[in-house]
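Please keep the sequence and the model in view while reading.

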Amino acid sequence: MFFFSFDVVFKEVPGEVSLCFSICGCPLQCKGCHSPYLFKKENGKFLDDDFYQKTLIDYQKYATCVLFMGGEWEKQELLSKLKIAKMLNYKTCLYSGLEDIDSEILAHLDWVKTGAWKDKLGGLDKKTTNQIFKNVKTGEVLNHLFQ
Ligand code: SF4
């Protein structure tokens with residue numbers, strides 16, 4: 001699994017301070033994508049377990065959630081990373097452009113954002129959006145927290 005960037009973010013998962021890894025190799029190539037540099041896997045650096053685990057340990061006192069922007073196309077690697085996050089007591093979230101997420105991945109997530117980017121409909125902050133942000137365990141749709 002290759003990542004383009006690592007950031008600490010505050011809005012993407014409401015109420016959480018999230019460690020956000022943006023994963024390269026997105027196969028969806030949505031028209032109007034704001035992050036086309038994520039299309040090519042080669043644009044990223046290998047996310048090795050040592051760096052990943054050390055980063056999560058370093059931020060353990062400050063952050064509460066680990067967020068993956070994509071990566072569902074590398075299921076086993078994503079599962080392994082989510083298990084490490086859970087082992088270190090982080091909550092977990094995935095932002096995906098897909099409508100349906102693999103059930104094994106869902107089992108290791110607290111929140112998920114689904115739906116491709118569609119220019120005309122906008123993102124989670126728009127009432128017209130096709131995208132859905134929900135609590136995986138309860139199924140509750142939480143888009144209102146972004147609007
Ligand atoms: S899923 Fe996200 S990163 Fe992938 S093409 Fe669509 S908008 Fe871009």
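## A strand pair

Thr-114 stands opposite Ile-132 in strand E7, in a model that is predicted, with local features requiring pLDDT of at least 70, side-chain atom pairs counting only at pLDDT 80 or more, and totals for chains, interfaces and linings using all residues. Residues are numbered from 1 along each chain as its sequence is written, and side-chain values use heavy atoms, with hydrogens and water left out.

Strand E6 (residues 111-114) pairs with E7 in the antiparallel sense over four bridges, where pairing requires at least two DSSP bridges and strands are DSSP runs of at least two residues, helices (H or I) of at least four, numbered from the N terminus. E7, residues 132-135, has Phe-133 and Asn-135 on its covered face and Ile-132 and Lys-134 on its uncovered one.

## The nonpolar cores

A nonpolar core is a set of buried (under 20% relative accessible area, 1.4 Å probe, protein chains only) Ala, Val, Leu, Ile, Met, Phe, Trp, Tyr and Cys residues joined through side-chain atoms within 4.5 Å. The largest has 23 residues, and Phe-21, Tyr-52, Leu-56 and Phe-68 have the most contacts inside it. Strand E2 (18-23), helix H1 (49-58), strand E4 (65-69) and helix H2 (75-87) each supply at least two of its residues, and H2 gives the most, with five. Apart from this core lies another, of 12 residues, including Tyr-95 and Trp-111.

Terms used. Buried < 20%, exposed > 50% of the residue type's maximum accessible area, 1.4 Å probe, protein only.
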